[in-house]
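Trainee: Could we go through this structure together? I would like to begin with how the chains meet.

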Amino acid sequence: MDILTAKDVCKSFNGNMAVDHASLNVEKGKITGLIGANGAGKTTLFNCLSGYYPAASGKIIFDGREIQGMSAQKRCKLGIARTFQIAKPFGCLSVIDNVAVGGYNKAKDKAEAYKNARESLEFVHLDHKAEELAFRLNTGEQRQLELARALSTKPTLLLLDEVMAGLTPTESEEMIKLIFKVRDSGITVLLIEHIMPAVMKLSDKIYVLDRGKIICEGEPKTVVNDPRVIESYLGKAGAAYAKNN
Amino acid sequence: MSIQFVQTLVDGIMMGGVYALAALGLSLIFGVLKITNFAHGAMMTIGMYSVYVISTYYGVNPYLALPVSILMLFLIGYLVQRFLIQRIEHAPAHNQLLLTLGLAYIFENLLLIIFTPNYKSLQVEGMEKAIKIGGLTIAPAKIIAFGVVIVVTVLVYLFLYKSSLGLKVRAAAQNDDGALLMGIRVKEIRGIAFGIGAVCTGIAGSLLVPVMSIYPTLGEVFQLKCFVIAVLGGMGNLWGALISGIIIGLVESVSGYALGGSWSELLIYAVFILILVFKPTGLFGRGNRRDK
Amino acid sequence: MINNKIEKYSIIVLLAMAVIYPVFSNSYMISVGVSILTIALLGQSWNLMSGYAGQFSFGHAAFFGVGAYTSSILYVDFGISPWIGMLIGMAMAAAVGVVIGFLSFRYRIKGDFFALVTLAFAEILRVLFNNTKALKGAGGILIPYKNDWSEFQFENDKIFYIILLLMVILATFVLAVISKRKLGICLIAIKESQSAARSLGVPVLKYKLIAMAISAAMAGMAGTFYAQYYGFIDPTVVFAASISVEAIVPCIIGGAGTLCGPLLGAVIIVPLQELSNSLFDGINGLNMIIYGLLIVVFIIFCPDGIYGTIVKRVKGEK
């Protein structure tokens, strides 16, 4: 069953089609990957899905409801949470307060919000920094914080925008484990990722975006061997070279 | 159309030109430096007093005093940018706004201490007699002012778009880091840009000395109007500022003629809010909307 | 962001000073005290909207003036007690705040452009009140003196002082409560990153409007007090841009986004102005130069304000 379906989503900036009739399905309980070269429109598509800005046209269906006209905050209430490519911690709030902002999403009162927050912090192993001010966290911890914040909104679908960017190999390993743990807790994951080995390892299904269009979809193994994908990543000459060697 | 109405139109255009020049400076400072300059009106007043002093105490024709006023305003603008605003380059935007507000208080009240709050006016030889064309009366000083405004606007345009220094200014406006990498001394360039912005408003002020009485807080009258014009024309858009200045001059004189002076003020502010809310890039687009 | 212990003790000390102050004060000192508290109240009002929620207002005079005019017109023309007028004035100010906020936030005006919108609104109200006969025009309103507490009038200025002190305490208390609750935390989140807050389910527009409404109501309260205390208002005074500046400066000097900052700022700035006034009595304008210098120096060298810097130092954040 699909928890999220995008149909012919388009978005342009000043006449440039950043996302051009992109369609994808995210299966419930699975991890879906979205890859593509720089500037392929991954983040734009993500922003359309999360409601950061509206799609110009197309349908987005979440849990059987059309949500393309909804604001980000309403989508969050419905159960879509996201992280940002460039972490956006609320610097002058403590870590626990940061997470509580998300915790309030489905909470009745302060106690419940902070209970959600604490659970999420424990989940991402950041509870030892709960009282720290957010701007003092290092990059890896900021990523964990982003994740904890998103999780504390109690989502059913989590959109992760390059959560591994800037992480050390060890931190990346930890993050991969965390994402699996998120999936195992019953949350569906859609992720954008640059680091191919990580995507290969994580994803049950991968979509490839090139110049705003979905050019390929399928299991990780099929996708990486698809000539169109190789070409999109390496360019024509590179693809020819890869083929001949 | 009655001759009185035509007279109103002509007056509006003449005054609008001067507004435009002051607003041009503001627009330039915003477009290049992204600074909302609340000291702009006060800088205009400094321009006025510099001309007044030179021509009263040294008996120089006020138009010949212009170069001194230009030099002075350039220095003030340059120094303010280099040694004050530059220090808080990375602070939140509103801190820069407040800094310029503090400077406005300092400038205005220095003028107040030096020159007292009394109105001062200048009699310029050969300017007393209004020129009559048809039924219209136009003060020669206003015609000169309008001419100077056009010349200065063209010069600023040529500087920005045809000179190599102007190219650097625009590059610095586009992308600080990139400009720095290309070997442009960004701080220097930013100082120059602020200086030129200050010069524009200073000239506008100087041009008004022969046609109106001046006092230390006169600049406040022009401050918000400059914002209106600069936003209407699109922040950073030179020709937009020129056209908008004339539009605002016209709106002011026509609505003043039809409704009375204070209502025209109301109308202008209302237009301002509508533009800010519905078309913050200005009437002619291309304006910078400051996004954070 | 707030070190609770320092905050608590600072506020207690300031409060104790404020309570003891009238006991030893002559009428001049009381008038200075009233100025300090007025600035403190305006400062707290600005602090909520701009210090906490990060929406930089340059037009708090609009709310101050609406508060002052509402209660005064209701009193003079309809005989409604200014106590009730104050509440209605606060509601009116809040309504104006919501209108300005809705227009601006709905169309994504922010930063300096938001400041300009608020400034333009205050100017519009000034011109409007100045030219409308029904609103008493440029002549303003003289509040008839009755010396009756039920009419918000007292013979003894010390009572005015105490009333205003209670208002400042109320405002500070409201801010303290808000800052600990969902609203406060979400407002800070909005200030830091609006898009992140939105993606976490924070109703950004609604919260910003609530902040504006409460902030405007506080400024409206200050407006009514001003009208009752001084007994006279006119548009050029209560809608003056200088009122908007007076709401900002104590926060800059004390520290915006902290509970204690605006109070401390007010305690510093007003006596300093009084001092410069009396020292340089003959030189008109010198006190304003000092005011301007203070703004420049603080913005450049101490942008977190005195209190904000102390807290940072104590927490070792430098």
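This is a predicted model: local features need pLDDT of at least 70, side-chain atom pairs count only at pLDDT 80 or more; totals for chains, interfaces and linings use all residues.

Trainee: Staying with H4(B), how does it cross H5(C)?

Mentor: The axes of helix H4 (residues 93-115) of chain B and helix H5 (residues 111-131) of chain C come within 8 Å, crossing at roughly 50 degrees. H4(B) is therefore oblique to H5(C).

Trainee: Which residues meet there?

Mentor: From H4(B), Ala93(B), His94(B) and Leu97(B) meet Gly111(C), Asp112(C) and Ala115(C) of H5(C). By class, this contact has three nonpolar, two polar and one charged residues.

Trainee: What about chain A and chain C: how many residues are in contact?

Mentor: On the chain A side there are 23 residues, in contact with 19 residues of chain C. Helix H2 (72-78) and helix H3 (95-103) of chain A are the elements that give two or more residues to the side of chain A that touches chain C. That side has 11 nonpolar, six polar and six charged residues.

Trainee: How far apart are the nearest C-alpha atoms of chain A and chain B?

Mentor: They are 12 Å apart, and the two chains do not touch. Of the two pairs of chains that touch, chains B and C have the most contacts.

Trainee: Changing topic to chain A: what is the strand order in the open sheet of four strands?

Mentor: The order is E2-E1-E4-E5 in chain A, with antiparallel pairing. Strand E2 (16-27) and strand E5 (65-66) of chain A each have a single partner strand, so one side of each is left without a neighbour in the sheet.

Trainee: How many bridges pair E4(A) with E5(A)?

Mentor: Two bridges pair strand E4 (residues 57-62) of chain A with E5(A), in the antiparallel sense. Phe62(A) has Arg65(A) in E5(A) as its bridge partner.

Trainee: Next, strand E7 of chain A. Are its residues buried or exposed?

Mentor: Five of the five residues of strand E7 (residues 157-161) of chain A are buried, so this strand is largely enclosed by the rest of the structure. Both of its faces are covered, with Leu157(A), Leu159(A) and Asp161(A) buried on one side and Leu158(A) and Leu160(A) buried on the other.

Trainee: Which strands does E7(A) join by bridges?

Mentor: Strand E6 (residues 80-82) of chain A is joined to E7(A) by three bridges, and the two run parallel. Within this pairing, Ala81(A) has Leu158(A) as its bridge partner in E7(A). Five bridges join E7(A) to strand E8 (residues 188-192) of chain A, again running parallel. There, Leu157(A) is partnered by Thr188(A) in E8(A).

Trainee: Finally, helix H1 of chain B. What span should its 31 residues have?

Mentor: At 1.5 Å a residue, helix H1 (residues 3-33) of chain B should span 45 Å, and its end C-alpha atoms are 44 Å apart, which agrees. Because 23 of its 31 residues are buried, H1(B) is largely enclosed by the rest of the structure. Lys34(B), whose phi is positive, near 60 degrees, follows H1(B).

Note on methods
Residues are numbered from 1 along each chain as its sequence is written. Chains are lettered from A and ligands numbered from 1 in the order in which they are written. Two residues are in contact if their C-beta atoms, placed from the backbone, lie within 7 Å. The expected span of a helix is 1.5 Å times one less than its number of residues. A residue is buried if 20 or more other C-beta atoms lie within 10 Å of its own, exposed if 12 or fewer, and partly exposed in between; C-beta atoms are placed from the backbone. Two strands pair if DSSP finds at least two bridges between them. Ala, Val, Leu, Ile, Met, Phe, Trp, Tyr, Cys and Pro count as nonpolar, Asp, Glu, Lys and Arg as charged, and the others, Gly among them, as polar. Axes are lines fitted to C-alpha atoms, for helices over the stretch in contact, and angles run from 0 to 180 degrees between N-to-C directions. Angles under 35 degrees count as roughly parallel, over 145 as roughly antiparallel, 65 to 115 as roughly perpendicular and the rest as oblique.
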